[in-house]
Amino acid sequence: MGLMVEFDSTVVVSVGARIKLKDHGNYGPRLNLNHVRFQGNNNQAQSHSFGQVFLHKKTGVSSSRRSVVAAEAAAMAEETTAKTGNSALSHFWREIQGSNNWENLVEPLHPLLRKEIIRYGEFVAACYKAFDLDPTSKRYLHCKYGKSRMLNEIGMEDCGYTVTKYIYATPDINIPMQNEASRGHWIGYVAVSSDESAVKRLGRRDLLIAFRGTVTNHEWVTNLMSSLTPARLDPNNPNPDVKVESGFLSLYTSDETKSKFGLESCREQLLSEVSRLLNKHKVEDLSITLAGHSMGSALALLLAYDIAELGLNKTDHETVPITAFSFGGPRVGNPSFKQRCEELGVKVMRIVNVNDPITKLPGMFLNENFRVLGGRYELPWISCSCYAHVGVELVMDFFNVQNPSCVHDLETYISLLKCPTKTLHTRKEGFDNLLNRARELIFSARSLKSICL
């Protein structure tokens, strides 16, 4: 799921839009914003001197769900910024973290929210840049650098964060694979905003946990374990109806205790460090932010749910907000899991490319779209046997005809978010929308067939 691609070609962004990409090394594509063309109905191309990306348009958003709270808060933040010169984010960070479920911040995408999504995406990209994939290296499948210099080595020395702990995950797969041992692999890191100027700009002390996506063969096999199983992460509330994908749960909870010097589980490492940092900074304004790409998004959501379910984010004077930013993430649990996350106040912003197949898995057929069959029928058994996405969905639409793997590439996500955009919106996919999408695909296929004939 964590794909890294090299190419110099044209990406199709929605209907008729084309963005030129340049190859900038082996990590991923970068955008050339000097020339973008949009094809209209009259087949006359319009040239623009900036990179304007037309993202997937969705209609039918109910006006009754819109709120002016976020817009008013944004206006107040901008006014305060103009008067004091302080960062608008410091006055507006709770809304940016999803306190109002990003109402009126997505359509159109608020500049501060865009900047924060990109910033957290780059923290996730750091996992790929620092991950050692050289089989001859002593640090193979681990981070190339020590904690104290990792962010500096990848060019993020001015980010204002300090890495406090590396996180390792152990796939519970007993399948021998070439050049890979079934042991813990570096999966991400925990960091905290440590620079006081950064804390002032953010308006709080931010605890960040970033996860990379799938890279190793064992992780790919784990991803295929798509059956639902009860999460049971809280021993005092083992709700059997709350179910998650067994492969993700296994990667999150498996350890190496059978070995004398084996690793603790990914979960134990994370909960221990998060608890330590929360206790250390308990008298400050805090936020817990999780960010991940692909499989890493699933781990981020599991951790967010786990922290909230155990109540670790509750201090003496407040409940610390928990926000997850998911880039190209799969479904993680069933509708009961989604409902429980919402009850616990876990906020999730899902950045999704409509052409990315990973975002439609698992549960390509049995998912939230079939729970009520377009509002016509209720299927009670679906709640425990199908998958459901959690959170607010920010929809993008891009595709590369020469290199389809770019649809899931994290760097492409980030690069397109950096472009001035024409439309950004939330999406709630329903049964009727799926039929319309299928109809479009069928018509496209017929057109292609007639051209070939």
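Mentor: Start with arginine 232. Its relative accessible area is 48%, so it is partly exposed. Buried means under 20% relative accessible area, exposed over 50%, and partly exposed in between (1.4 Å probe, protein chains only). Arginine 232 sits in the loop between β9 (228-230) and β10 (243-245). Helices (H or I, at least four residues) and strands (E, at least two) are DSSP runs, numbered from the N terminus.

Trainee: What should I know about the model before going on?

Mentor: This is a predicted model: local features need pLDDT of at least 70, side-chain atom pairs count only at pLDDT 80 or more, and totals for chains, interfaces and linings use all residues. Residues are numbered from 1 along each chain as its sequence is written, and side-chain values use heavy atoms, with hydrogens and water left out.

Trainee: How many helices and strands does the protein have?

Mentor: The protein has 13 helices and 16 strands. Of its 453 residues, 52% count as buried. Contact means heavy atoms within 4.5 Å. Among contacts between residues at least 6 apart in sequence, 69% join residues at least 24 apart.

Trainee: Is tryptophan 102 buried or exposed?

Mentor: Tryptophan 102 counts as buried because its relative accessibility is 3%. It is found in the loop between α2 and α3. Proline 108 lies in the loop between α2 (89-96) and α3 too. A cis peptide bond joins glutamate 107 to proline 108, with omega about 0 degrees. Another cis bond runs from leucine 361 to proline 362, with omega near -20 degrees. Proline 362 is in the loop between β13 (347-353) and α11 (382-385).

Trainee: How do I read a nonpolar core?

Mentor: In soluble globular proteins, nonpolar side chains tend to be buried together. A nonpolar core is a set of buried Ala, Val, Leu, Ile, Met, Phe, Trp, Tyr and Cys residues joined through side-chain atoms within 4.5 Å. The largest one here has 56 residues. Ile117, Met150, Trp186, Tyr189 and Met349 have the most contacts inside it. Helix α3 (residues 111-130) supplies the largest share of this core, 12 residues. Apart from this core lies another, of 45 residues, including Val242, Tyr252, Leu301 and Leu302.

Trainee: Which residues does tyrosine 189 touch?

Mentor: Leave out residues up to four places away in sequence. Tyrosine 189 then touches, among others, Phe123, Cys127, Met150, Val163, Tyr166 and Leu208.

Trainee: How do I read helix packing?

Mentor: Take α7 (residues 246-253) and α9 (residues 295-310). They pack at about 70 degrees, with axes 10 Å apart. That makes α7 roughly perpendicular to α9. Under 35 degrees counts as roughly parallel, over 145 as roughly antiparallel, 65 to 115 as roughly perpendicular and the rest as oblique.

Trainee: Which residues make the contact of α7 and α9?

Mentor: From α7 come Phe248, Leu249, Leu251 and Tyr252; α9 gives Met295, Ala298, Leu299, Leu302, Leu303 and Asp306. By class, the contact of α7 with α9 has nine nonpolar, no polar and one charged residues. Ala, Val, Leu, Ile, Met, Phe, Trp, Tyr, Cys and Pro count as nonpolar, Asp, Glu, Lys and Arg as charged, and the others, Gly among them, as polar.

Trainee: How do I read the length of a helix?

Mentor: The expected span is 1.5 Å times one less than the number of residues. Helix α8 (residues 266-280) has 15 residues and reaches 21 Å from first C-alpha to last, close to the 21 Å expected. Its buried residues include Cys266, Arg267, Leu270 and Glu273.

Trainee: What do the buried residues of α8 pack against?

Mentor: They pack against β6 (161-169), β7 (185-193), β8, α7, β11 (286-293) and α9.

Conventions
Axes are lines fitted to C-alpha atoms, for helices over the stretch in contact, and angles run from 0 to 180 degrees between N-to-C directions.
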